[in-house]
Amino acid sequence: MIQISKVQLLFFLTAPFLITTISVAQNDTEIYVFDLNQDGTNYSVSEPFNVTYQNPGYDNQPHFLPDGSMYYVSTRNGQTDVAQVEFQEYSWSWLTWTDGGSEYSPTPIPGSQDFSCIRLDTSGLQLLYRYDHTTQEPKVLITGLKIGYHCWLDQNTIAAFVLGEPPTLYICNVQKGECLPRHNNIGRSLHLIPNTSLLSFISKAQEPWQIKSYEPVAGTTRKIINVVNGSEDICWAPDGTLFMGSDSILYKFHAAFDKDWVKVADLSEFGLSGISRLDINPDGNQIAIVVNQSPTVEK
């Protein structure tokens, strides 16, 4: 594992030979981590910290670990690699440096220090891999399915967004090597609902799109709430509060307290907009928010 300090990180991310372009399908994005403040059922955000320091390119897909550190992907040498930030130590580490391929959606594996992620090779091959935490050696987890996004339900079970027309939700037992389709026309945001065995996903089978819960054993599905303005990404706080963004506005919803989405913050106050992916740390006091990179940053 290669570790770098804040000063080294700034050099690496701003050095001219690392300023590259990526696929036109990906926006230039940045990850900010905010303090998430709770007062009863009300939330606010403060103290934005730009984890990726305006690195040109695609810096995205944050995922907090149980210890409070965070995985994300960052553009480097024309590809995306997995990085990890340790907030307490204030240090960054590159976890992958893959020739001929890019990694996406790094996710901690329950009961292990290993992580899983999608690897897209320059040949077009796209598979879900398990990476050894110590050696970073990859091992294919699921063959025969082109997975775009995934979520661990337990140590052996994965919910997977499988590419197709339309995309399909699969439930896969990696120990048995079994993958079964469950719902068609889903969105990319898959999450385990805190303190339950339920999966949340976005159903695009109707208008407006709906956030739904799915019980893998019984196979039952229930509507939670409609999405905000066609947004794609959600996350859950430990207390069961759901968060979603639209442009610069961050919203929250708790089924026990709220009848509809409630505004939490307007990130335009911090000069930020284009909210997409979100994640909240296990303690519930930090939220990672992906936003569009400032147009004033030199590319």
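In what order do the 4 strands of the open sheet stand, and is their pairing parallel or antiparallel? In this predicted model, the order is β12-β13-β14-β15 and the pairing is antiparallel. The edges are taken by β12 (147–152) and β15 (178–184), each of which has a single partner strand, so one side of each is left without a neighbour in the sheet. On average, and with direction ignored, neighbouring strands of this sheet are turned by 25 degrees against each other.

Two strand pairs can be described by their bridges. β14 (residues 168–173) and β15 run antiparallel and are joined by 6 bridges. Within this pair, I171 has L180 of β15 as its bridge partner. β4 and β5 also run antiparallel, with 3 bridges between them. Here N60 has V73 of β5 as its bridge partner. The hairpin of β4 and β5 has 5 residues between the strands, and G68 in this hairpin takes a positive phi near 95 degrees. β4 is mostly covered, with 4 of its 5 residues buried.

The strand β4 (60–64) also gives two or more residues to the lining of the largest pocket. This pocket has a volume of about 1200 Å³ and is lined by 48 residues. Nearest its centre lie H63, F64, T107, P108 and D279. Besides β4, the elements that give two or more residues to the lining are β6 (79–86), β8 (101–108), β12, β16 (191–192), β20 (234–236) and β24 (278–280). By residue class, the lining divides as follows.

| Class in the lining of the largest pocket | Number |
|---|---|
| Nonpolar | 25 residues |
| Polar | 15 residues |

In soluble globular proteins, nonpolar side chains tend to be buried together. The largest nonpolar core of this model has 24 residues. Which residues have the most contacts inside this core? They are F115, I142, L145, I147 and I158. The elements that give two or more residues to the core are β5 (70–76), β9 (115–121), β10 (126–131), β12, β13 (157–162) and β14. The largest share, 4 residues, comes from β10.

How values were computed
Residues numbered from 1 in each chain as written. Predicted model: local features only at pLDDT ≥ 70, side-chain atom pairs only at ≥ 80, totals over all residues. Heavy atoms only, no water. Pairing = 2+ DSSP bridges. Axes fitted to C-alpha atoms, helices over the stretch in contact; angles between N-to-C directions. 1 Å grid on protein atoms, 1.4 Å probe; cavity = no way out; pocket = protein on both sides within 12 Å on 5 of 7 lines; lining within 4 Å. Points joined across faces, edges and corners; volume = space filled by probe spheres on them. Nonpolar A, V, L, I, M, F, W, Y, C, P; charged D, E, K, R; others polar. Core = buried A, V, L, I, M, F, W, Y, C linked by side-chain atoms within 4.5 Å. Buried < 20%, exposed > 50% of the residue type's maximum accessible area, 1.4 Å probe, protein only.
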